[in-house]
Number of protein chains: 2
Amino acid sequence: MEIVTAVEQVKQWSRMHRANGESIGLVPTMGYLHEGHVSLMRRARSENDQVAATIFVNPAQFGPNEDLERYPRDPEGDTAKCRDAGVDLLFMPGASEVYGPDFQTYVTVEQVSKPLCGGARPGHFRGVATVVLKLFNMFNPTVAYFGQKDYQQLQVIRTMARDLNLDVHVCGCETIREEDGLAMSSRNAYLTPDERKQAVSLYQALQEAQALYAKGESRPEKYVEVMRKRIEREPNTAVDYVKLVHAETLEDLDAVSGPVLAALAVKLGKARLIDNMLLMRTSA
Amino acid sequence: MEIVTAVEQVKQWSRMHRANGESIGLVPTMGYLHEGHVSLMRRARSENDQVAATIFVNPAQFGPNEDLERYPRDPEGDTAKCRDAGVDLLFMPGASEVYGPDFQTYVTVEQVSKPLCGGARPGHFRGVATVVLKLFNMFNPTVAYFGQKDYQQLQVIRTMARDLNLDVHVCGCETIREEDGLAMSSRNAYLTPDERKQAVSLYQALQEAQALYAKGESRPEKYVEVMRKRIEREPNTAVDYVKLVHAETLEDLDAVSGPVLAALAVKLGKARLIDNMLLMRTSA
């Protein structure tokens, strides 16, 4: 595995392999890798000639009072995990390599950035779309892999790829969960042992929504009530949002029909955790 | 010359030629072609294996009270001019081929979009940057050619290319002028014969700025005064702006030093005309 820190090295690597007719699978991450990230790399490995991963804690997607400074980092452990997963090129740039001193160009995906996390995190998806487009332009990947845990992020990137006529295939991959169901996230590292136990309520709330859906419940407010109740049973949780939305537009539903997403964001101590579930007619 | 209207045809054409190792020169236009556009195509022809041109009156770069509906069009004449200039592929899409029904992704280049035309035309450069990035993604050009008459547009596109790590080389080409010095523009078609005569005042004002610069004048306000006076001598002109700015940032100057641009926008009857000149120590 080659490790590079300069954009120009990435471009040269990509040009060489694309000129050879090879496919490139790209896995962009912010590091502090867990089994969710690793599963994306393994999938990229199985589907492409070349696999690239990036580790970059992107300042542009953090708000002024968010956790940019204390976001967990583990470059050595991450490097080993990438190597084990079969990554060919690992890009670990510094912030100034990605954002030059006069940087001033941003990509905004309007509608799908607004609901859900868009409310509490203004500018977040602008930062995500911008850095992902930059990475796409550096790597020119055939396929790029993202986890469904960040469902809204995935929709933002899919919409950007469609609207800007990008050639990359954006692949959304299943959320990887701990044994008790908690979605894997680098931010789980913020949880105290007590908070960690309570965090399972996010997944359980989503399962209760799935059970309601399987029974044919049609009132969105009923889902929200049940999910919110499950989460608020835990003493340290503070709901940011609990929503039932259209799975593509992410807009609120008047009635439950079509593809439906249950989505939530919950503060638990120092962590703000998100999770979601696409509801299915038959329990998955 | 092949004429296509679908994005997918463009992508196939581009993939085929780039896979052959051929270079592609791209000339994006809004049509109603004049000698300025044609000079870009000829330059593209001389520097590339394949030459593509686009004719698309881009709704995203027009404000609600601007001239989108009455913008001059001449598809037959344009087609002949492209053929004569040696264009290989001409892309003439309809608006719905470029902007799908849920289109919602925009590129904003912040600082350089704000001064000059940015004030009178909010959203204009957002529309320009967005459509140009889409065309770059469709054509994957080696070089893209733009006229310096639209100097701020050129700076916006150059900044976007740098910030988003694009591989295309953005080439700014000399303004082509009528015999009396009026910069060629599709919007010159709006001028009555009387207004056409008065329009030469824009070029003459720039020449007077150049003469001041050659003499070593250091006060920006002096340039503005002289240019404004020359334009306002004509009875039908209304100055939108007359400015002396830094040639890269386009910001106002405290004193005349470094690369300097004289730039102006003037309303003349139904036309809003722009022109500019990079000032040189020795008269060009």
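In what order do the six strands of the open sheet in chain B lie? The order is β1-β4-β3-β2-β6-β7, and the pairing is parallel; two strands count as paired if DSSP finds at least two bridges between them. Helices (H or I, at least four residues) and strands (E, at least two) are simply DSSP runs, numbered from the N terminus. This is a predicted model, where local features need pLDDT of at least 70 and side-chain atom pairs count only at pLDDT 80 or more, while totals for chains, interfaces and linings use all residues. Residues are numbered from 1 along each chain as its sequence is written, and chains are lettered from A and ligands numbered from 1 in the order in which they are written.

Axes here are lines fitted to C-alpha atoms, for helices over the stretch in contact, and angles run from 0 to 180 degrees between N-to-C directions. Inside the sheet, β3 (residues 50–55) and β4 (residues 89–91) of chain B pair in the parallel sense over three bridges, and B:T54 has B:F91 of β4(B) as its bridge partner. Helix α8(B) packs on the sheet, where it touches β6 (143–147) and β7 of chain B, and its direction makes about 165° with that of β7(B). "Contact" has a plain cut-off: the C-beta atoms of two residues, placed from the backbone, lie within 7 Å.

Next come the helix pairs. In chain B, α10 (residues 200–214) and α11 (residues 220–232) pack at an angle of about 150°, with their axes 8 Å apart. The two are therefore roughly antiparallel to each other (angles under 35 degrees count as roughly parallel, over 145 as roughly antiparallel, 65 to 115 as roughly perpendicular and the rest as oblique). By class, the contact holds eight nonpolar, two polar and three charged residues (Ala, Val, Leu, Ile, Met, Phe, Trp, Tyr, Cys and Pro count as nonpolar, Asp, Glu, Lys and Arg as charged, and the others, Gly among them, as polar).

Over in chain A, the axes of α7 (residues 124–139) and α8 (residues 151–163) come within 10 Å and cross at roughly 50°, which makes α7(A) oblique to α8(A). This crossing, too, is right-handed. From α7(A), A:F125, A:V128, A:A129, A:V132 and A:L133 meet A:Q153, A:V156, A:I157 and A:M160 of α8(A). That gives eight nonpolar residues, one polar and no charged ones.

Between the chains, 20 residues of chain B are in contact with 20 of chain A. β5(B) gives the most to chain B's side, with five residues. Five bridges join β5 (residues 105–109) of chain A to β5(B), and these strands run antiparallel, with A:V109 opposite B:T105.

Key: Left-handed = near helix turned anticlockwise from the far one by under 90°.
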